[in-house]
Amino acid sequence: MTATALVQTAALGKRAVVRTGRQPANVIFPLIFPMLLFAVNAGGLKAETRLPGFPTDSFVAFALAVPFVQGALLATINANVEFARDIQTGFLNRLALTPVRGIVLLFGQLGGLVTIAVVQAVFYLAVGLAFGVRLQSGIGGAAMLLLLETCIALAFASLGSWAALRTGSTEAVQGLFPVFFVFLFLSSMNIPRNLIEADWFRWVATVNPVSYLIEAVRALVITGWDWQTIGLGFAVAAALSAVGFALATHALWNRLERT
Amino acid sequence: MTDAISVARGVSWRVLHTFFTNKAFLLPSVAFPLFFFTAFVGGLSRITQVPGFDFPTGYTSFQFVFVLLQSAAFAGVFTGFGIARDFESGFMRRLMLAAPNRRGILLGYVVSALVRWATVAVVVTIVALLAQMKVGGGGVDLFGLYTLALLLNLAGTLWATGVAMRLRTQQAAPVMQMPVFLLLFFAPVYVPLNLLQGWIHGVASVNPITALLEAGRGFISGSPELTVAAFAIAAGLIVGFAAWAVRGLRRAEAAG
């Protein structure tokens with residue numbers, strides 16, 4: 001990537017961040033809603049720690065992984081709704097008339113989304129620490145957690161960008177929220193997979209990629225440097241990012257051709 | 001009164017026609033309760049092995065009551081979204097000009113919310129029975145359970161209507177939704193109240209929805225408890241939110 005392309009990417013990424021920052025609902029909701037669900041689950045499911053084989057005595061620590069994944073999801077939906085609005089209002093078409101390369105548009109958008117998600121992750125981490133959670137992987141684990149969050153956000157962001165570019169509709173991107181939400185709830189978010197009693201649900205959670213993202217974050221919090229689980233989380237995030245990026249790039253070419 | 005009923009009939013027909021003919025409205029209303037039911041029952045059934053969890057008819061019926069009450073409250077909230085949408089599109093202004101009795105507008109939305117919820121309740125109940133939910137209560141108990149849910153639906157609708165009439169924008173959706181979400185989830189959702197510990201136990205103990213949830217679970221297990229308290233709370237919510245909704249209507253009228 002040339003220096004010019006880098007400048008253009010930074011400018012578009014900054015625009016994505018600033019635009020989100022100017023809409024309080026897009027900032028506050030992704031911060032507060034995962035924390036509310038975290039509070040509800042941490043309080044309501046604390047009794048789970050009394051199950052034989054439960055991996056920790058602290059359900060707060062166990063549940064802390066969920067806001068990281070859910071926050072990335074919310075951030076990417078909100079920001080991609082704005083991206084779709086750019087398409088609806090014709091901003092993308094006008095941008096396509098400038099010397100900015102198509103791929104830079106995508107990099108800029110994704111860069112902005114990832115920045116927002118990482119800022120949120122720092123907030124969730126601070127809340128967790130304030131509530132007495134201590135990362136078993138230490139300070140290095142916190143850095144790894146933020147790196148993992150970057151990859152998770154990139155995965156969701158690329159899939160969301162694909163939806164925005166493919167449909168050019170804010171409603172369609174908003175419609176992704178329930179889909180992602182289903183993936184979140186049908187995962188191991190509330191209980192370790194080996195403790196899920198219903199066979200069919202354990203199978204669903206096992207084939208659900210979101211389980212591996214949550215478990216990788218959770219490993220850094222409650223287990224420590226469990227490289228297999230962490231590596232699996234990174235691999236799933238990378239695979240989703242690759243698929244999403246390929247789809248988004250293809251949709252972008254199609255859209256620019258039509259311009 | 002005849003005027004109000006004819007207005008209510010027109011409003012409710014329009015809302016229900018939109019609801020049943022537009023998949024974007026129908027599917028989420030039905031899918032979300034089913035999805036919560038599936039996720040909670042499938043994922044968390046092991047929790048019945050926690051010492052002290054002694055609900056007699058099993059985790060499926062334990063969660064069914066929560067999902068039924070949740071679907072009732074949210075059918076009301078979704079109706080509020082529709083009212084806000086009608087304000088934004090300008091339809092409500094025309095409706096207010098045309099309606100000879102504007103309380104009929106409120107009545108129409110309330111009736112449509114009841115029908116919406118009844119549809120969802122039928123689907124959720126069928127799915128729960130297919131999932132081999134055990135029912136310990138008799139006919140009277142089940143009548144009590146569904147009546148309780150119906151009253152909560154009424155309260156939820158009146159709450160959301162009051163908000164929609166005051167703010168008159170779809171951006172008010174979180175204001176309608178979030179308090180209902182919090183009240184529902186700060187109750188004993190996953191385990192009985194006696195198994196909650198710490199701050200959530202304190203919050204759930206004073207949360208009015210807890211009584212409704214426990215009464216509903218009492219009905220389905222055939223051991224009714226907190227029945228009078230639950231119906232009194234539901235009645236109180238309805239009276240309070242009815243006043244809230246009517247005053248909201250007056251504000252909307254005053255705003256033109």
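A pocket is an open set of points, on a 1 Å grid over the protein atoms alone, with protein on both sides within 12 Å along at least five of seven lines; lining residues have an atom within 4 Å of a point. Grid points are joined across faces, edges and corners, and a volume is the space filled by probe spheres set on the points.

This is a predicted model: local features need pLDDT of at least 70, side-chain atom pairs count only at pLDDT 80 or more, and totals for chains, interfaces and linings use all residues. Residues are numbered from 1 along each chain as its sequence is written, chains are lettered from A and ligands numbered from 1 in the order in which they are written, and side-chain values use heavy atoms, with hydrogens and water left out.

**Exercise 1. Characterise the contact between chain B and chain A.**

Step 1. Count residues. Contact (heavy atoms within 4.5 Å) involves 27 residues of chain B and 28 of chain A.

Step 2. Take the area. Buried area is the accessible area (1.4 Å probe) that two parts lose on being put together, summed over both. The value is about 2,600 Å², with 74% from carbon and sulfur atoms. On the chain B side, B:Phe35, B:Arg46 and B:Tyr190 lose the most area to chain A, together 23% of what that side buries.

Step 3. Look for a salt bridge (a side-chain nitrogen of Lys or Arg within 4 Å of a carboxyl oxygen of Asp or Glu). The interface has one. A:Glu197 pairs with B:Arg46, and their closest N and O atoms are 3.8 Å apart.

Step 4. α2, α7 (173-185) and α8 (199-206) of chain B each supply at least two of its residues. The largest share, nine residues, is from α2(B). By class, this side has 20 nonpolar, six polar and one charged residues.

**Exercise 2. Find the cavities and describe their linings.**

Step 1. Search. A cavity is a set of grid points where a 1.4 Å probe fits but cannot get out. The whole structure has two of 30 Å³ or more.

Step 2. Take the largest cavity. Its volume is about 90 Å³. Lining residues include A:Leu12, A:Arg15, A:Phe83, A:Asp86 and A:Leu105. α1(A) gives the largest share, four residues. The classes are seven nonpolar, two polar and three charged.

Step 3. Take the second largest cavity. About 60 Å³ lies in it. Among its lining residues are A:Phe185, A:Met189, A:Phe201, B:Phe40 and B:Leu44. Helix α2 (residues 23-44) of chain B gives the most, four residues. The classes are seven nonpolar, three polar and no charged.

Key. Ala, Val, Leu, Ile, Met, Phe, Trp, Tyr, Cys and Pro count as nonpolar, Asp, Glu, Lys and Arg as charged, and the others, Gly among them, as polar.
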